[in-house]
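Morning, everyone. I have one model to walk through today, and I will keep it brief. Please have a look at it first.

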Amino acid sequence: MASDELASKLRSRLAATEQPEPRPEPRSPVRSPVRTALQEPGGARSDPPSELSAVLNRRLDISDGTAAPRAARVFNPYTEFKEFSRKQIKDMEAVFRRYDTGKDGFIDLMELKLMMEKLGAPQTHLGLKNMIKEVDEDFDGKLSFREFLLIFRRAAAGELQEESGLMALARLSEINVSTEGVMGAKDFFEAKVQALNQGSKFEAEIREEKEERKRQEVEKQQRQAAFKQLQSTFCS
């Protein structure tokens with residue numbers, strides 16, 4: 001009897017170990033509310049209703065680490081910002097380089113903080129972040145030279161609030177963007193039309209720069225010749 005009972009228990013335990021374990025059911029992925037909103041009922045993706053949707057989706061992709069790198073494009077400030085003269089753009093570049101203390105081609109939050117303090121218009125931490133956010137097209141949390149130029153474009157077009165940090169930056173940087181370039185036009189599209197007619201002025205500025213360099217070189221050669229003549233007089 002005992003041996004039969006023991007054999008029965010062994011058979012029951014062996015049968016229990018041979019049964020396959022239940023597999024967990026696959027969980028459906030959590031879908032972003034922004035991406036879900038852009039899906040049609042049939043599952044096909046619809047066109048984004050606005051630029052805001054595209055911006056939000058890219059931010060989500062950047063956060064998930066799945067954002068495709070954007071193709072780098074060559075940036076030429078003289079052709080893209082035709083509403084400004086070459087002198088104005090060079091002045092803006094000089095200001096940008098002055099405060100780009102890290103020499104990495106960007107003005108980050110701390111460099112912007114130092115810049116605003118030196119300009120006499122210090123900002124709060126949140127104010128600085130909002131300044132960058134307003135023109136930060138690639139969402140990297142810092143200002144490239146192109147984004148820096150956007151500040152002056154918007155200031156010249158009257159698109160900045162008078163008491164904003166960006167307006168203080170544009171006004172206190174000692175760069176005149178109201179008389180040249182867009183000529184103080186209130187409507188930015190009107191200013192763009194005016195900028196299209198400045199091709200001859202752009203070429204004239206280039207010629208003037210070349211002539212100025214030639215003149216400086218001639219003066220340098222004349223000074224060297226005069227010095228040599230004076231030197232030979234004393235040595236003779």
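Start at Ser144. Neighbours within four places in sequence aside, Ser144 is in contact with Phe96, Gly105 and Phe106. Contact here means heavy atoms within 4.5 Å. Is Ser144 buried or exposed? Buried, with a relative accessible area of 16%. The cut-offs are under 20% relative accessible area for buried, over 50% for exposed, and partly exposed in between, with a 1.4 Å probe and protein chains only. Ser144 sits in strand β2, residues 143-144. Helices (H or I, at least four residues) and strands (E, at least two) are DSSP runs, numbered from the N terminus.

A word on the source. This is a predicted model: local features need pLDDT of at least 70, side-chain atom pairs count only at pLDDT 80 or more, and totals for chains, interfaces and linings use all residues. Residues are numbered from 1 along each chain as its sequence is written, and side-chain values use heavy atoms, with hydrogens and water left out.

Now the whole chain. It has 11 helices and two strands. The order along the sequence is α-α-α-α-α-β-α-α-β-α-α-α-α. There are 236 residues, and 28% of them count as buried. Take the contacts with a separation of 6 or more: 52% of them join residues 24 or more positions apart.

Next, the core. The largest nonpolar core has 35 residues. By nonpolar core I mean buried Ala, Val, Leu, Ile, Met, Phe, Trp, Tyr and Cys residues joined through side-chain atoms within 4.5 Å. Among those with the most contacts inside this core are Leu112, Phe148 and Leu169. Which gives the most? α8, with eight residues. As for Leu169, residues up to four places away not counted, its partners are Leu112, Met115, Met116, Leu119, Met131, Phe148, Ile151 and Phe152.

α5 and α8 pack at about 120°, axes 11 Å apart. Axes are lines fitted to C-alpha atoms, for helices over the stretch in contact, and angles run from 0 to 180 degrees between N-to-C directions. α5 contributes Ile89, Met92, Glu93, Val95 and Phe96 to the contact, and α8 contributes Phe145, Phe148, Leu149 and Phe152. That splits into eight nonpolar, no polar and one charged. Nonpolar covers Ala, Val, Leu, Ile, Met, Phe, Trp, Tyr, Cys and Pro; charged is Asp, Glu, Lys and Arg; the others, Gly among them, are polar.
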